[in-house]
Amino acid sequence: MYGEAFTFDLAQFRAAHDQATLEDDKVGFKTAVNILELWKFTDTEKAIVLGDFSGATFRRVKGGNLVRKLTIDRRTRVSLILGIHKALRTMFIQDKHRLEWVKNKNRAFNDHSPKELMLSGALIGLHEIRRYLDSALV
């Protein structure tokens, strides 16, 4: 696992980003906000996880007033949250078990909870959670 290079097709990645529409971003962002709501994140915490929005900007965007497409960083965050949610729905039938997993400390994350990793604000934290869940589903 470690020592493997992280590779992806840059042209494919850029094409996917360029093809995303403002409407795609509005729907994805709203869905990510709703997922974070299920996980009991406050609005301040949601703003951190979704790309360090200011409070006023987050409230505006959360209310559906997104006036331009998301940045690659913010779109990636939305995508990772959707993927984490999907994996947790596959692993756990009940919402309460998914919530417990998100807030409970985990040895795989150096005894931090997935929520703590998300609240670090670092994109790599979301990637680590997603990669961990993907490997657990194999």
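I took helices (H or I, at least four residues) and strands (E, at least two) as DSSP runs, numbered from the N terminus. The model is predicted, so I kept to its limits: local features need pLDDT of at least 70, side-chain atom pairs count only at pLDDT 80 or more, and totals for chains, interfaces and linings use all residues. Residues are numbered from 1 along each chain as its sequence is written, and side-chain values use heavy atoms, with hydrogens and water left out.

I read about 610 Å³ of space in the largest pocket. A pocket is an open set of points on a 1 Å grid over the protein atoms alone, where a 1.4 Å probe fits, with protein on both sides within 12 Å along at least five of seven lines; lining residues have an atom within 4 Å of a point. The volume is the space filled by probe spheres set on the points, which are joined across faces, edges and corners. Of the 24 lining residues, F13, R75, T76, S79 and L80 are the closest to the centre. I found that α5 gives the most to the lining, seven residues.

Crossing. I checked α1 (residues 10-19) against α5 (residues 72-91): their axes come within 11 Å and cross at roughly 90°. Axes are lines fitted to C-alpha atoms over the stretch in contact, with angles from 0 to 180 degrees between N-to-C directions. F13, R14 and H17 of α1 make the contact with I72, R75 and T76 of α5 (heavy atoms within 4.5 Å).

Salt bridges. I noted ten in the structure (a side-chain nitrogen of Lys or Arg within 4 Å of a carboxyl oxygen of Asp or Glu). K46 and D43 form one, at 3.1 Å, N to O. Both lie in α3 (residues 43-49), three residues apart, about one turn of the helix.
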